[in-house]
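Please look over the sequence and the model shown below, then read the points grouped by topic.

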Amino acid sequence: MTSVETKLEAARTDLAGRNGVLVAFSGGVDSSVVAALAHDALGEDAVACTAKSETLPAAELEDAKRVAREIGIRHEIVSFSELESDAFVENDDDRCYHCRTMRLGEMLETARDLEVETVCDGTNADDPGAGHRPGLQAVEELDVHSPLLAHDIAKDEVREIADRYELSVADKPSMACLSSRIPTGLDVTDDRLARIEQAEALLRQWGFDQFRVRDHDGLARIEVAPDELERALEREFVETVREALSTLGFDHVTLDLHGYRTGSVSPEAEDEALAAEAGPSSDD
């Protein structure tokens, strides 16, 4: 038995010994692997739960629904608004702590309603050492179980397990919540989130794989993966995206020649936002 097989079996046994599990589910690879393990171990006693809010792109919610069907797990969707929290809207270095506390609170309440004993998230063994991640404090404070972390399953092993379960998201790029596109100190608003979502939907339609649209208070800074930069410089794309983003309310539209980088507007906050894919938000 390989190391990955040993860890997989340990995590599955861990979940099988619990009186029901609710997985904070984004549809990213980490939470999808936990959901697949839970469904494998517990069948109908496993539930995936996605928290719907203004920071979750509609396309990501649809993807989460699709992946839940793929796994065969029961899927619950709860709605809430981070924008009701002044601490979140202020967008300081602890934004992700406030977000994760609210999202996991929704998960815990849903678990109580369903009489499910354990709430799990997808924090993996690489996450605690990956920079400033105040959201992990929320996971600890709320006593949420992280089976990937508990059994030392790192990100590359998560993707290997996803392949074993034949999950379509095995190679899915990380996707943090939309608020990670807004620089620290600039308020998170519904208008900003909406135009970022629409701008990124346009890039997705053009076939870009790894990208972000950063909102610098009206200036759109587009980042794409370095190997996609050449396509982003094509005249047809340039003219189309400039006109479309101007229509969305951006005063200026720029292309970052450094390419896609995590944390390029708010290093600590976006590093943490990346960890949200492990839990109830989307994987930046």
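Which residue just after helix 11 takes a positive phi? Gly249 does, with a phi of about 115°. The model is a predicted one, in which local features need pLDDT of at least 70 and side-chain atom pairs count only at pLDDT 80 or more, while totals for chains, interfaces and linings use all residues. Residues are numbered from 1 along each chain as its sequence is written, and side-chain values use heavy atoms, with hydrogens and water left out.

**Helix 11**

- Helices (DSSP runs of H or I, at least four residues) and strands (DSSP runs of E, at least two) are numbered from the N terminus.
- Phe237, Val241 and Leu245 are the buried residues of helix 11, where buried means under 20% relative accessible area, exposed over 50% and partly exposed in between (1.4 Å probe, protein chains only).
- Seen down the axis of helix 11, these buried residues fall within an arc of 40°, so they line one face of the helix. The arc is that of the directions from the helix axis to the C-beta atoms.
- Arg235, Glu236, Glu243 and Thr247 are exposed residues on the face turned away from the buried side of helix 11.
- The buried residues of helix 11 pack against several elements, including helix 9 (190-205) and strand 7 (252-255); contact means heavy atoms within 4.5 Å.

- An open sheet of three strands has the order 5-6-7, with mixed pairing; two strands pair if DSSP finds at least two bridges between them.
- Strand 5 and strand 7 are the edge strands, each pairing on one side only.
- Strand 5 and strand 6 run antiparallel and are joined by six bridges.
- His216 has Leu219, in strand 6, as its bridge partner.

**Thr55**

- Thr55 lies in the loop between strand 2 (46-52) and helix 3 (58-71).
- Thr55 is buried, with a relative accessible area of 1%.
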